[in-house]
Amino acid sequence: MLTFIARRLLQSLLVMLAVGLIAFSMFRYVGDPVANMVGQDTTPEQRIELRQRLGLDDPFIVQFGRFVADAARGDFGISYRHRRPVSELLAERLPATLELSFVSAVMALALGIPMGVYTALRRRGLLSRAFMTVSLIGISLPTFLIGILLILVFGVQLRWLPSFGRGEVVELGWWTTGLLTRSGLSALILPAITLALFQMTLIMRLVRSEMLEVLRADFIKFARARGLPERLINFRHALKNTMVPVITITGLQLGSIIAFAIITETVFQWPGMGLLFLQAISMVDIPVMAAYLVLIAFFFVVINLVVDLLYFVVDPRLRVQSA
Amino acid sequence: MRFSNMVKRPALAAALALALGAAGAAAQAKTFRWAYQGDATSLDPMALNETFTLGFQGNIYEPLVGYDENLNLVPMLAESWENPEPTKWVFKLRKGVKFHDGSDFNADDVIFSWKRSLTPGSDMKGYGAKASEVRKIDDYTVEVITPTPNPILPREWSLLYMMDKEWSEKHNTTEATNVKGDQGNYANLHTNGTGPYMVVERQPDVRTVLKRNPHYWGKIPANADEVIFQPITQEATRVAALISGEMDLVMPVPVQDWQRLEDAKGVRPLTDAEARAIFIGMDQHRDELLYSDVKGKNPFKDPRVREAVVLAVDTNAINQKIMRGAAKPLGSLVATSVNGYDDSFGAPYKPDPERARKLLAEAGYPNGFTVTMDCPNDRYVNDEKVCQAVAAMLGRVGIKIDLLAQTKSKYFGKILLQAGNDTSMYMLGWTPSSIDAHNVLLNLTACRDAKTAAGQFNLGGYCNPKVDELTKQIGSETDQAKRSAMIKEAFMIVRNEFGYLPLHQQPMSWGVKEGIQVKQRADDVLDLRYVVLP
């Protein structure tokens, strides 16, 4: 077990290195960072001098080597735009993104699994069909549009919820949370729903199809024949067996929510890493872009590791195999 | 379980206190909430020479001489100034001015600020370099020596903000925030200015809270006790925040939302012409255009072709159809609110497509030619749409345009001097930082000279020695009447030679809650001194 984890972590280093290399090789094509760092009255000489100071004219391998060497020491450089250390910036924005991602993942699971089970058990019911149709809408509308729609309805017309921002946050050491204040919670609702809608639909349909499959299995027939109560059969035996693909999908989706909550963060002006990344792209803030991509690669690897470990927990057959 | 109980109580108490505090304060304090599409890059007044950042800082820091709501020069930290010799300016400083931390403003601070603007991390070196020496005559008088005669120094220093020497030394920020090797300059996140508002909270890119300076030296109409600024990048969200009442003022508002703001209750759009001239430039320098099907010669070197380009475009139609009438069609690179403008050279050209076709045939292009036009798509108001309209109008007279529109980082990364001016035709917008026409001549029409940085934004390489000579004379002419006459002469030459295709002054576009009075300054800066809440 321990060697398994150690091997995975080593793989993660390789993944991060590869992502960093690809990202760096593309940075020369995103535009000129110096143009965004100085005003229109700066002379050409001063601009050239700035380029040299930042090492932007060095060959790509040298720049990349420098980046890796610094990153190994935990120094991700200084943001061109903010003129502050990148690690500080990311640490500031991380709680916002993680909170939003986790809340929306929990929302998607909490709504998706019961809905999936219900639509599997009562396949032809009216409510079932309603769920399925509405879920199609959730999948086909782009996140951007859903976000704007929600703002329009709940923020502008009804004025029930704030249309942007994170509300008041409480600092707990290095972490900032919006879950402990009223404005923080109300600001979390719309972005979380926007982000959760696609996920929820996916989970619901996955659970439904897996359940339908499992309910046809022999052991379910035998359990019924034996006289076990329906509730026990459905939730203890059937549902548990559908969990492996659901965990896989949820894990991958969680990674992509954290990485690509960019659109939702932009629409709701949510001060997370995604918004930071988008601004970094338009400002050609290379240190931030590089650090963000490497960090996201790391997240993906960790999440996949956790997912693989969860398999052992959920599926007893795997436990027997490895022992 | 236990962890959440542990933090719940003090956190809830904090939240409760916050809510009560806010409720109590709201009863008496007036709060002004506003949003822009980005944030001020830094609180350090010498970090970046960018209109929004400097305009934002102008509410916290102040220069010697500033602008009022109509961009007229008014005394700020200098009560009076005179120009006894061509290279000497004497400023009499205002007495009794205090920085936010209580220390006095005097000549030492002026000298310190000037020196700080010349440190490596500063982007205001160009301004600092306008003086070769700054001498203290007494605590409230400074003498500024300029390397060459400079008739408009006070105007040029309207963006050079005065910092407190003692505060900067105490917090180790005697040098401007450096983008390399500076782990955290104090002035980047903290301020100590003389302005009407002081910073009480700063979260970059999230929220900045300002509080009224109770010891401000001036009498201003502003009555907001607290100002909360939040950047909102997404334009739809920004407009929604205004209509829902969460924001009092947002800028900029997309052109298509003006009608929506007119229709919605409680908000109104504010659109006025900005001091930014938008124009199309042509490569007149190379012997063969980089991106054209004409080989062996450069059509834009022929004034007849340039005249055809100018006459083909109907700036009024562009204004009506694309800018909804809010732009101001212009015939020069100088906007009407800039010092030195005159209708004789600034009035829009009259379109004449027939004559344009004739001229092209005369110049040897009876079937026109093809050329690629570079355009940004997220820098100026409706930039891509305007470029498309220009392309269509040019197409009608035979000049086929291949439009290349891209995001501003890539666009400027291609057309600017550092990239070798890799373009044949481009769009550019220009607001002279000194709000004076000389800046336009120096940057846009002067023959390119890498050593003196002349014509740095003259991306097409327009060059006329007579205009250059006039530019030099204008730079040192202290008699205002003679100076204005020379400016007129220079721009008439540019106009008659059709050096550029000027389009219009783009409109500023703000959205404001009804009942709030603000002044929309022509350089698109929100001066909080003029914000009056009901």
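Select P252(B) first: this proline sits in the loop between β11 and α9 (258-263) of chain B. The model is a predicted one. Show the backbone back to M251(B). The peptide bond joining M251(B) and P252(B) is cis, with omega about -15 degrees. Most peptide bonds are trans.

**Strand β17 of chain B**

Now select residues 501-513 of chain B, which form strand β17. Buried or exposed: how do the residues of this strand count? 13 of the 13 are buried, so the rest of the structure largely encloses β17(B).

- Strand β11, residues 249-250 of chain B, pairs with β17(B) in the antiparallel sense over two bridges. Pick L249(B), whose bridge partner in β17(B) is V512(B).
- Strand β12, residues 267-282 of chain B, is also antiparallel to β17(B), and eleven bridges pair them. Pick P269(B) and look opposite for G511(B) in β17(B).
- Strand β13, residues 328-329 of chain B, runs antiparallel to β17(B) and is joined to it by two bridges. Here P329(B) faces H504(B) of β17(B) as its opposite residue.

**The nonpolar core**

Next, colour the largest nonpolar core, a set of 215 residues. Which residues touch the most other members? They are V250(B), F279(B), A308(B), V309(B), A312(B), V334(B) and V390(B). Helix α8 of chain A, residues 182-214, supplies the largest share of this core, with 15 residues.

Centre on V334(B) and display what surrounds this valine. Leaving out residues up to four places away in sequence, V334(B) touches A277(B), G340(B), Y341(B), G346(B), A437(B), V440(B) and F491(B).

**Helix α16 of chain B**

Select residues 437-445 of chain B, helix α16. The helix is mostly covered, with nine of its nine residues buried.

**Two arginines in chain A**

Switch to chain A and pick R83(A), in the loop between α4 (60-72) and α5 (86-121). R83(A) is not a glycine, yet its phi is positive, at about 60 degrees. Most residues other than glycine have a negative phi. Why does R83(A) count as buried? Because 26 other C-beta atoms lie within 10 Å of R83(A), and 20 or more are enough for that class.

Then go to R159(A), in the loop between α7 (143-157) and β1 (170-172) of chain A. R159(A) also has a positive phi, near 55 degrees. The surroundings need a separate look. R159(A) counts as exposed because it has 12 C-beta neighbours inside 10 Å, and the exposed class takes 12 or fewer.

**Where the chains meet**

Finish with both chains on screen. Select the contacts: 48 residues of chain A touch 49 residues of chain B. On the chain A side, the elements giving two or more residues are α2 (33-37), α3 (44-54), α7, β1, α11 (262-268) and α12 (273-282). Colour that side by residue class. The side of chain A that touches chain B has 22 nonpolar, 16 polar and ten charged residues.

Terms used:
Residues numbered from 1 in each chain as written. Chains lettered and ligands numbered in written order. Predicted model: local features only at pLDDT ≥ 70, side-chain atom pairs only at ≥ 80, totals over all residues. Helix = DSSP H or I, 4+ residues; strand = E, 2+ residues; numbered from the N terminus. Pairing = 2+ DSSP bridges. Core = buried A, V, L, I, M, F, W, Y, C linked by C-beta atoms within 7 Å. Contact = placed C-beta atoms within 7 Å. Nonpolar A, V, L, I, M, F, W, Y, C, P; charged D, E, K, R; others polar.
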